[in-house]
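Thank you all for coming.

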Amino acid sequence: MLKVGFFSSQPYERPFFSDEHHPQLSIVHFEQRLSARTVTLCQGLDAVCVFVNDELDRTVLERLAVVGVRLVALRCAGFNNVDLDAARRLNIQVCRVPSYSPDAVAEHCVALMLTLSRKIHKAYNRVREDNFDLNGLLGFNLAGKTVGIVGFGQIGRSLAGILSGFGCRLLVTDPAPLPNQADIEQVEFDELLTHSDIISLHCPLTPDTHHLIDESAFSRMKDGVMLINTSRGALVDTRACIEALKRRKLGYLGLDVYEQEAGMFFEDRSDDIPLDDVFARLISFPNVVVTGHQGFFTQEALSEIASTTLENLAAFAEGAPPKHGL
Ligand code: NAI
């Protein structure tokens with residue numbers, strides 16, 4: 001029997017992650033995020049199942065190894081929160097869900113783009129107060145606009161498919177070889193920054209991509225550009241974003257992720273005093289829309305995440321390597 005600690009557990013996940021049909025698994029749910037502070041909860045566990053904001057740094061992994069945890073099963077695609085070198089050294093296996101529904105995230109991107117371009121967030125509030133004035137709601141067409149897609153993996157490709165239907169011109173940058181596709185133009189990052197009306201980020205967070213969008217990147221963009229980030233918060237330097245918004249260089253900002261989201265997102269903080277001044281400033285702009293890391297959050301994606309994660313755990317419980325190891 002593999003005893004699994006399920007960290008950052010949310011009520012909406014529990015029906016999907018039941019060990020009922022997996023007799024070799026015993027899943028214990030913890031609401032807490034896994035971190036150096038909560039790692040003491042792992043006593044007696046064989047594996048931990050974690051999400052995007054759990055902290056699997058060297059210290060935490062060393063303590064996991066001491067209590068006998070042999071597997072870290074990520075129930076997400078990104079793995080920037082795990083020190084893979086330390087895990088290898090400590091003989092802890094790491095697996096993830098490499099693909100679950102790229103369409104879920106790509107569609108959320110388009111939702112952010114259209115919310116911003118047609119000012120739906122403002123219109124929604126106005127109509128609730130019987131205010132049907134159109135002043136200030138003037139939008140723009142997506143058709144004919146140039147969209148720069150940074151990272152042409154699964155989500156980037158799904159987004160390209162949707163935007164191609166909208167009649168957008170698509171510029172793409174990715175260090176990996178790209179398919180020969182008629183509806184995309186492969187360009188250097190600089191050219192993408194200079195020519196795009198909308199820029200959408202779909203590359204992973206690595207030391208190389210940390211603050212990929214900083215003050216210098218903003219200076220090369222068109223005035224009034226729209227930036228969408230549904231990938232990882234630290235791809236964007238938030239303070240530089242605020243300055244670019246103040247200068248009107250950045251005309252629209254749609255975020256599903258935020259640099260300092262750990263400990264804030266996925267929780268109801270509506271009764272707390274806001275302590276993150278940068279975040280408070282960011283959401284004060286009328287041309288900024290932020291969602292709390294919900295790009296993945298569709299029924300289809302959640303059931304895919306659960307079935308792959310349970311498959312990974314069950315394989316490990318039976319002595320086989322997890323299918324989607326890192
Ligand atoms: P993927 O691995 O299929 O594609 C990532 C692509 O980025 C690859 O083609 C890679 O070559 C490229 N890349 C790497 N470095 C780059 C750079 N410096 N510039 C341009 N391209 C670069 O990953 P996928 O599934 O498309 O996911 C992308 C990211 O989306 C993930 O890393 C994750 O952080 C994020 N994500 C966010 C979710 C959400 O709920 N908001 C849900 C799922 C993923």
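F189 has its place in helix α6, residues 189–195, where a helix is a DSSP run of H or I with at least four residues, numbered from the N terminus. This is a predicted model, in which local features need pLDDT of at least 70 and side-chain atom pairs count only at pLDDT 80 or more, while totals for chains, interfaces and linings use all residues. Residues are numbered from 1 along each chain as its sequence is written, and side-chain values use heavy atoms, with hydrogens and water left out.

Leaving aside residues up to four places away in sequence, F189 touches V150, T173, L212 and I213, contact meaning heavy atoms within 4.5 Å. From F189 to A217 there are 28 residues in sequence, and 9.6 Å in space, C-alpha to C-alpha.

Now to the ligand: which residues come nearest? Among the 23 residues around the ligand, they are Y100, Q154, I155, D174 and T230, where being around it takes a heavy atom within 4 Å.

A polar side-chain atom of D174 is 2.6 Å from a ligand oxygen atom, a backbone N or O atom of I155 is 2.9 Å from a ligand oxygen atom, and a backbone N or O atom of T230 is 2.8 Å from a ligand nitrogen atom. Taken alone, the ligand exposes 860 Å², of which the protein buries 81%, by the Shrake-Rupley method with a 1.4 Å probe.

Key:
Polar contact = N/O pair within 3.5 Å; in protein donor to acceptor, adjacent residues only side chain to side chain. Helix = DSSP H or I, 4+ residues; strand = E, 2+ residues; numbered from the N terminus.
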